[in-house]
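This report is meant for someone meeting the structure for the first time. Please keep the sequence and the three-dimensional view at hand while reading.

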Amino acid sequence: MAEISGGEVIARMLQKEGVEKVFGIIDGTYFGFYSALHRLGIEIVTPRHETCAAHMAGTYARLTGKLGVCMASNGPGVANLLPGLVVEQADGNRVLAITSARRPSIMYPDRGGSYQCFDQVGVIRPMAKWSESAASAERIPELFRAALRAAWTGRPGVVHLDVPENLINGPCAE
């Protein structure tokens with residue numbers, strides 16, 4: 001079996017879903033994802049702020065009927081994304097938020113003082129239809145499919161997948 005990055009797996013799944021644009025600020029914590037998007041011809045639209053990325057994804061979803069996708073980096077980037085997610089959930093726009101996180105060995109157990117570290121899934125879960133974190137590269141496809149099921153079931157709204165930086169940039173079985 002060939003190995004590709006977790007970001008490449010996500011990008012390929014988005015391509016199969018018909019996603020043409022991803023909105024987010026480019027950051028090194030998910031470079032494996034953004035470089036895969038570029039190779040697959042999925043346009044990367046970079047706003048000036050993460051809240052705008054969520055609103056752009058929501059507007060895209062409403063105008064096209066497709067899934068809107070936004071991305072935010074761990075810590076402050078995710079905190080900046082929150083106001084946009086609240087609005088998009090309330091407005092019933094079908095948005096997938098993909099966030100990066102610090103490596104699990106840095107985040108768990110919480111020893112306090114971890115750089116740009118907070119419970120991103122725990123914060124987003126109450127304001128979204130679905131929110132989970134990938135604990136291993138092997139779980140990325142399964143969790144991504146679960147996010148898509150949640151996105152396309154019932155009233156449109158926000159779904160969220162949190163992928164640690166070592167998984168999004170590291171090897172994953174194809």
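## Helix H1 and the overall make-up

Helix H1 is mostly covered, since eight of its eleven residues are buried. The buried residues of H1 are Gly6, Gly7, Glu8, Val9, Ile10, Ala11, Met13 and Leu14. Just after H1 comes Gly18, which takes a positive phi of about 90°.

The model in view is a predicted one, and its protein chain holds eight helices and eight strands. Of the 174 residues in the protein chain, 54% are buried. Among the contacts in the chain with a separation of 6 or more, 74% are between residues 24 or more positions apart.

## The nonpolar cores

Which residues of the largest nonpolar core touch the most other members? This core has 35 residues, and those with the most such contacts are Ile10, Leu14, Val22, Phe33 and Leu96. The elements that give two or more residues to this core are helix H1 (6-16), helix H2 (31-40), strand E4 (68-72), strand E5 (95-101), helix H7 (140-152), strand E7 (158-164) and helix H8 (165-169). H7 gives the most, with eight residues.

## The six-stranded sheet

In what order do the strands of the open sheet lie? The sheet has six strands in the order E3-E2-E4-E5-E7-E6, with parallel pairing. At the edges are strand E3 (43-45) and strand E6 (130-133), each of which pairs on one side only. From one strand to the next, the twist averages 20°.

Strand E2 (residues 21-24) runs parallel to E4 and is joined to E4 by two bridges, and Phe23 stands opposite Cys70 in E4. Helix H2 packs on the sheet, where it touches E2, E3, E4 and E5, and the direction of H2 makes about 150° with that of E2. Helix H4 (residues 76-91) also packs on the sheet, touching E4, E5 and E7, and the direction of H4 makes about 165° with that of E5.

## Strand E5

E4 and E5 run parallel and are joined by five bridges, with Met71 standing opposite Ile98 in E5. Strand E5 is largely enclosed by the rest of the structure, because seven of its seven residues are buried. The covering applies to both faces of E5: Val95, Ala97, Thr99 and Ala101 are buried on one side, and Leu96, Ile98 and Ser100 are buried on the other.

## Gly58 in helix H3

Gly58 is found in helix H3, which spans residues 50-64. Is Gly58 buried or exposed? Its relative accessibility is 0%, and because buried means under 20% relative accessible area, Gly58 counts as buried.

## Aromatic residues and cysteines

A search of the whole structure finds three aromatic pairs. Phe33 and Tyr34 form one of these, a tilted pair with 5.7 Å centre to centre and 45° between the planes. Both Phe33 and Tyr34 are buried, and together with Tyr30 they form one aromatic cluster.

How many disulfides does the structure hold? The structure holds zero disulfides; in general terms, a disulfide is a covalent bond between the sulfur atoms of two cysteines. Cys52 is partly exposed, with a relative accessible area of 36%, whereas Cys70 is buried, with a relative accessible area of 0%. Cys70 is the residue of E4 that Phe23 stands opposite.

How values were computed. Residues are numbered from 1 along each chain as its sequence is written. This is a predicted model: local features need pLDDT of at least 70, side-chain atom pairs count only at pLDDT 80 or more; totals for chains, interfaces and linings use all residues. Side-chain values use heavy atoms; hydrogens and water are left out. A nonpolar core is a set of buried Ala, Val, Leu, Ile, Met, Phe, Trp, Tyr and Cys residues joined through side-chain atoms within 4.5 Å. Buried means under 20% relative accessible area, exposed over 50%, partly exposed in between (1.4 Å probe, protein chains only). Helices (H or I, at least four residues) and strands (E, at least two) are DSSP runs, numbered from the N terminus. Two strands pair if DSSP finds at least two bridges between them. Axes are lines fitted to C-alpha atoms, for helices over the stretch in contact, and angles run from 0 to 180 degrees between N-to-C directions. Contact means heavy atoms within 4.5 Å. Rings of Phe, Tyr and Trp (its six-membered ring) pair if their centres lie within 6.5 Å; planes under 30 degrees apart count as stacked, over 60 as edge-to-face and the rest as tilted. A disulfide is a pair of cysteine sulfur atoms within 2.5 Å.
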